[in-house]
Amino acid sequence: MAGVLVREDEPFEKALKRFKKTCEKAGIITEMKKHQHFEKPSERRKRKIAAAKRKRLKLESRYQ
C-alpha cells in the first residue's frame, strides 16, 4: 500500500502529486486498469506478443 506523509506547511496539491507518483512507481494504477474489465485469454496473449515485439524492435534499433 502506497502512502505519503504530508509535510509541515505543504500544500495538498503537492502531496497529492507525490502520492500519484508513488502509486505510478509501485504499479498500482496499471494493475487497476488491468482489472477494470475482463480480458479474454486470447486478447491477453495478443497484448503480450505485441509488447514483446515492441521491446525487441526497441532493443534491435539500439544496437544498429
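**Entry 1: R47 and E39**

I began with the salt bridge that R47 forms with E39, whose closest N and O atoms lie 3.0 Å apart; the term requires a side-chain nitrogen of Lys or Arg within 4 Å of a carboxyl oxygen of Asp or Glu. The model is a predicted one, in which local features need pLDDT of at least 70 and side-chain atom pairs count only at pLDDT 80 or more, while totals for chains, interfaces and linings use all residues. Residues are numbered from 1 along each chain as its sequence is written, and side-chain values use heavy atoms, with hydrogens and water left out.

I placed E39 in the loop between α2 (28-34) and α3 (41-62). Helices are DSSP runs of H or I with at least four residues, strands are runs of E with at least two, and both are numbered from the N terminus.

Is E39 buried or exposed? I recorded E39 as buried because its relative accessible area is 17%; buried means under 20%, exposed over 50% and partly exposed in between, with a 1.4 Å probe and protein chains only.

Leaving aside residues up to four places away in sequence, E39 touches R44 and R47, where contact means heavy atoms within 4.5 Å.

**Entry 2: other salt bridges**

How many salt bridges does a search of the whole structure find? The search returns four.

One of them joins E31 to K34, with the closest N and O atoms 3.5 Å apart. Both residues lie in helix α2, three residues apart, which is about one turn of the helix. I recorded E31 as partly exposed at 37% and K34 as partly exposed at 45%.

In another, the side chains of R56 and E60 meet at 4.0 Å, N to O. These two residues are both in helix α3, four residues apart, again about one turn. R56 is partly exposed, with a relative accessible area of 46%, and E60 is partly exposed at 38%.

**Entry 3: helix α1**

I checked the length of α1 next. Its 15 residues should span 21 Å at 1.5 Å a residue, and its end C-alpha atoms are 21 Å apart, so the two values agree; the expected span is 1.5 Å times one less than the number of residues. After α1 comes G27, whose phi is positive, near 85°.

T22 has its place in α1 and is partly exposed at 31%. Not counting residues up to four places away in sequence, T22 touches A2 and V4. From T22 to P11, eleven residues away in sequence, I read 17 Å between C-alpha atoms.

E24 also lies in α1 (residues 12-26) and is partly exposed, at 46%. Its C-alpha atom is separated by 15 Å from that of K14, ten residues away along the chain.

F19 is another residue of α1, partly exposed at 32% relative accessibility.
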